[in-house]
Amino acid sequence: MSETSGTPGRRRTFRRALVAGLSTLGLAALVATAVTPSATAAAPPPPSGWTQVFVDDFEGAAGSGVNTANWQYATGTSYPGGPANWGTGEIETMTSSTNNVALDGSGNLRITPRRDAAGNWTSGRIETNRTDFQPPAGGRLRVEARIQMPNVTGAAARGYWPAFWMLGAPFRGNYWNWPGVGELDILENVQGLNTVWATMHCGTSPGGPCNETTGLGGSTTCPGASCQSGFHTYRMEWDRSTSVEEIRFYVDGTNYHTVRENQVDATTWANATEHGFFIILNVAMGGGFVDAFGGGPDAATVPGHSMVVDYVQVLSAGGSGTTPPPTGNRDAYSAIQAESHDGQSGTMTESTSDTGGGQNIGALANGDWALYRGVTFGSTAATQFNARVASGAGSGVSGLVEVRLDSRSSAPIGSFAIGNTGGWQSWRTVPANISSVTGTHDVYLTFTSGQPADFVNVNWFNFGR
């Protein structure tokens, strides 16, 4: 997805045409009633050597919403305080209504653009709560989905812009640091063309090392059935096991586009990749990319055609990477890795130089939080909280690391203040007294400061009696 702006520092500007001549293709309009496409029973099992770190098969009752343990809705016409019209110039309003985003009861998610009698468009946009998807050091990450694009072509498809893509974690809560924080477009399509685009966005805009606003992109025709008439599997593999890091894009197992680390300078690559990402599924109507291929929706556009998603899954292989959330309850008295959160806002994940390696969460500032479900304290009360923290905050910048139970709006049961520890990888264990806790609770770490600047990183935490 690409955003529209003529102002330096805004997230994105309109995408220029990527493939000359495609706009001249004439595809016949589809006139048919909607038929529920078949879904696979489940996401395919991980191949040998791969570990599943996230999956959603979209099983559930017809007409129900998405699982909010996995996804959050992005609604309205922009992020809070971000560029208008999602920065792309698209014209729809995103909603959480099941008219726009719903399970179909057959193992599919449907994101469906609608137009009301006044000509106003609505659609849907969902994003993973997790923002820590990245390859482990020396390993690989695979992000894939089985998707049928909106089954509409020709004049009736004018303005449709379905997408399956990822944004760098530092974007969440900032909304003005694109394209430097990185964007990975695994699937984009416009105007019902039988073409899938894949793109990496990075660097500065306009121009810069990544040729923004176009980005480092490639495209291909969907093999076999058209993109609109059948399901295809769209995949991104991010490989840190090679001497030159690669990000590869696939459709139905065929690699058709690759971006390599040595295509840009080291700083640009690091800024775009040295953190986690979150996943987005949406269908926009209109916008800069659409305009490059003939313009946005008009009277001939037919609403109600869904992007149909069978599953989304994330796999990792090799290296020593992000700790996945545990499948059972967590032991309050063992180290809980900070990057294993079940939900978060405003955090990023990065490799740590602390003892034991692995990863920490960082970029923690006022209002950020992380959730850890099912922490078991037992029948003997815990009275202490310990956290492994580091800070490179500037002079006068500090804040509180707080512990809350079961709700972010609950009063803290304990906290400690932290300022500069000598650097963002200069680690120390800080204890704090807490109110007595027994039983099993969801634990929130919340971060409060009198300044907007980042003030702490967290590697792990635990509790004591």
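In these legends, buried means under 20% relative accessible area, exposed means over 50%, and partly exposed covers what lies in between (1.4 Å probe, protein chains only). The model shown is predicted, so local features need pLDDT of at least 70 and side-chain atom pairs count only at pLDDT 80 or more, while totals for chains, interfaces and linings use all residues. Residues are numbered from 1 along each chain as its sequence is written, and side-chain values use heavy atoms, with hydrogens and water left out.

View 1. With 11% relative accessibility, arginine 248 counts as buried. Its side chain makes a polar contact of 3.0 Å with the side chain of aspartate 239. (A polar contact is a pair of N or O atoms within 3.5 Å; within protein, one must be able to donate a hydrogen and the other to accept it, and residues adjacent in sequence count only if both atoms are side-chain atoms.) Leaving aside neighbours within four places in sequence, arginine 248 is in contact (heavy atoms within 4.5 Å) with residues including Arg235, Glu237, Asn255 and His257.

**View 2. The two disulfides.** A search of the whole structure finds two disulfides, each a pair of cysteine sulfur atoms within 2.5 Å. One links cysteine 202 and cysteine 210, with an S to S distance of 1.9 Å. The torsion about that S-S bond is about -105°, so this disulfide is left-handed. Cysteine 202 is buried at 1% relative accessibility, and cysteine 210 is buried at 0%. The other joins cysteine 222 to cysteine 227, whose sulfur atoms are 2.0 Å apart. Here the torsion is about 100°, so the disulfide is right-handed. Cysteine 222 and cysteine 227 are buried too. Counting bonded cysteines along the chain, the pattern is 1-2, 3-4.

**View 3. The largest nonpolar core.** This core holds 54 residues, and Leu109, Phe164, Tyr234, Met236, Leu281 and Val312 have the most contacts inside it. (A nonpolar core is a set of buried Ala, Val, Leu, Ile, Met, Phe, Trp, Tyr and Cys residues joined through side-chain atoms within 4.5 Å.) Strand E17 (residues 277-285) supplies the largest share, five residues. Beyond its neighbours within four places in sequence, phenylalanine 164 is in contact with residues including Val143, Ile186, Tyr234, Leu281 and Val312. Another core lies apart from this one; it has 33 residues, among them Ala338, Phe377, Val389 and Val401.

**View 4. A seven-stranded open sheet.** Follow the strands in the order E2-E8-E17-E10-E11-E12-E13, with antiparallel pairing; two strands pair if DSSP finds at least two bridges between them. At the edges are strand E2 (71-73) and strand E13 (216-220), each pairing on one side only. Strand E12 (residues 196-201) runs antiparallel to E13, and five bridges join them. Methionine 200 has leucine 216 in E13 as its bridge partner.

**View 5. Alanine 102 beside serine 64.** Alanine 102 belongs to strand E4 (residues 101-103) and is buried, at 9% relative accessibility. Although alanine 102 and serine 64 are 38 residues apart along the chain, 5.5 Å separates their C-alpha atoms. Setting aside neighbours within four places in sequence, alanine 102 is in contact with Gly63, Ser64, Asn108, Leu109 and Arg110.

Definitions and conventions. Helix = DSSP H or I, 4+ residues; strand = E, 2+ residues; numbered from the N terminus.
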